[in-house]
Amino acid sequence: MARLLSGIQPSGDLHLGNYLGAIRGWVAGQRGNDAYYCVVDLHALSGDYDPHQLARRTFDTALNLLAAGLDPDECTLFVQSHVGEHSRLAWLLECVANLGELRRMTQFKDKAGESESARVGLFTYPVLQAADILLYDAELVPVGDDQRQHLELTRDLAQRFNHRYGPTFVVPEASVPEVAARVMDLQAPTRKMSKSVSSPLGTIGMLDSPAEIDRKVRKAVTDTGGEVRYDPDAKPGVSNLLELLAAATGASPASLAGSFTSYGQLKAQTSEALVELLRPVRERYVELAADPAQVTAVLVAGAERASQVAGATFERASMAAGLLAPGSEPPRAQETAG
Ligand code: AQP
């Protein structure tokens, strides 16, 4: 049994990339493991967002996760801001992280560019993410391919902290799916499908209707030449569709390629497979949305369970870093040699 932790931002409607890259792995991982999953609302503050919408989006993201198959009897689902230790540990880790390593984070460079008005929170985002993970002594972190660099940073920070202050954190590993680890935008297949980039035809929502899925797949940008071949560099559009079909059917993208003689055939079969893949999610969403009190109860219980684990880890980390424990006297100063 392994300890798992992963999170998702309430920064927009969940899409097929989130589902295949992360959430499906969360559902599989909850069985037989000790799994913690959170809606990382504090992370959503690092970009442009509407404060009047955030609470609703946070709640709806949790609802989406339950619809996708998270089972509160099998895992702990909670909202990041409901467990205060996330921000507190982030500060301890910021005092261990250095500017150079944060400057190298490609997600920050992509989102902020050279802008002087980029938020500091966007810059320190990966440190908060490290706190999310390290608080739960997570051994495995199921994420999409785009999060590998952030995971490496988390490992570096954990190791540095342990080296400087003594053994405190478990050093986690990323768990990235073999297929569809980076689902690309259907209209711009060299860019990843994303919540925050508006691409209505390029993004398949996890709750899209069968007709919407079909329309988007049929309009997907393909590549020059009519051959169906799995070659992500030369044929990114077709390869993306093959990855989607592979993820939905369990076959490999390269082996599927040989069974199609036209792009039209590939699109028809991909559309059909995705409709069937997402149908149960959509149906469960409708059921759950009729009983919002159930979602609230899940989040209350989840925050309680998460707080117990996070509280113990934070106490361990703050003691290791030399902070005075509340209500106690400082340990006797150690004699310094010489
Ligand atoms: N296109 C993708 N393909 C595979 N996996 C993906 N993930 C995101 N996009 C893809 C995975 O989904 C999980 C949650 O992502 P997130 O909400 O923390 O933020 P993100 O990675 O930045 O995803 P988005 O959808 O692109 O959100 P915005 O636009 O808000 O930045 C992660 O495990 C991620 O790997």
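## Close-up views

**View 1. Cys-38 is in contact with Ser-6, Gly-7, Ile-8, Phe-78 and Gln-80, when its neighbours within four places in sequence are left aside.** Contact here means heavy atoms within 4.5 Å. The model is a predicted one, in which local features need pLDDT of at least 70 and side-chain atom pairs count only at pLDDT 80 or more, while totals for chains, interfaces and linings use all residues. Residues are numbered from 1 along each chain as its sequence is written, and side-chain values use heavy atoms, with hydrogens and water left out. Cys-38 belongs to strand β2, residues 34-39; helices (H or I, at least four residues) and strands (E, at least two) are DSSP runs, numbered from the N terminus. With a relative accessible area of 0%, Cys-38 is buried, a term that means under 20% relative accessible area, whereas exposed means over 50% and partly exposed lies in between, for a 1.4 Å probe and protein chains only. Although Cys-38 and Ala-306 are 268 residues apart along the chain, their C-alpha atoms are separated by 9.4 Å.

**View 2. The structure holds 0 disulfides.** A disulfide is taken as a pair of cysteine sulfur atoms within 2.5 Å. Cys-75 is in no disulfide, and the nearest cysteine sulfur, which belongs to Cys-38, is 11 Å away. Cys-75 counts as buried because its relative accessibility is 4%, whereas Cys-95, at 45% relative accessibility, counts as partly exposed.

**View 3. Gln-30 lies in helix α1 and touches a set of residues that includes Cys-75.** Not counting residues up to four places away in sequence, the residues touched by Gln-30 are Ala-35, Tyr-37, Gly-69, Leu-70, Asp-71, Glu-74 and Cys-75. A polar atom of the Gln-30 side chain lies 2.9 Å from the backbone nitrogen of Asp-71; a polar contact is a pair of N or O atoms within 3.5 Å, where, within protein, one must be able to donate a hydrogen and the other to accept it, and residues adjacent in sequence count only if both atoms are side-chain atoms. Gln-30 counts as buried, because its relative accessibility is 0%. The C-alpha atoms of Gln-30 and Leu-4 are separated by 8.1 Å, and the two residues are 26 residues apart along the chain.

**View 4. Thr-58 lies in helix α3, which spans residues 51-67.** Within this view, a polar atom of the Thr-58 side chain is found 2.8 Å from the backbone oxygen of Leu-54. Once neighbours within four places in sequence are left aside, Thr-58 is in contact with Pro-10, Val-39, Asp-41 and Val-79. At a relative accessibility of 8%, Thr-58 counts as buried.

**View 5. Of the 22 residues around the ligand, Ser-11, Lys-111, Asp-146, Lys-195 and Ser-196 come nearest.** A residue is near a molecule or strand if one of its heavy atoms lies within 4 Å of it. An oxygen atom of the ligand lies 2.9 Å from a backbone N or O atom of Gly-144, a nitrogen atom of the ligand is 2.8 Å from a polar backbone atom of Val-183, and a backbone N or O atom of Met-193 lies 2.9 Å from a nitrogen atom of the ligand. The ligand exposes 630 Å² when taken alone, and the protein buries 97% of that; accessible areas come from the Shrake-Rupley method with a 1.4 Å probe, and for residues only the protein chains shown count as cover. The elements that give two or more residues to the shell are β1 (3-8) and α1 (16-30), and α1 gives the most, with 4 residues. By class, the shell has 6 nonpolar, 11 polar and 5 charged residues, where Ala, Val, Leu, Ile, Met, Phe, Trp, Tyr, Cys and Pro count as nonpolar, Asp, Glu, Lys and Arg as charged, and the others, Gly among them, as polar.

**View 6. Lys-216 lies in helix α9, residues 210-218.** Although Lys-216 has a charged side chain by class, Lys-216 counts as buried, at 7% relative accessibility. Not counting residues up to four places away in sequence, Lys-216 touches Leu-186, Pro-200, Leu-201, Thr-203, Ile-204, Gly-205 and Asp-208. Lys-216 and Lys-267 are 9.7 Å apart in space, C-alpha to C-alpha, and 51 residues apart in sequence.

**View 7. Ala-180, which is not a glycine, has a positive phi of about 60 degrees.** Ala-180 is placed in the loop between β5 (173-175) and α9, and it counts as buried at 2% relative accessibility. Asp-137, in the loop between α7 (120-134) and β4 (140-142), has a phi near 50 degrees, a positive value in a residue other than glycine.
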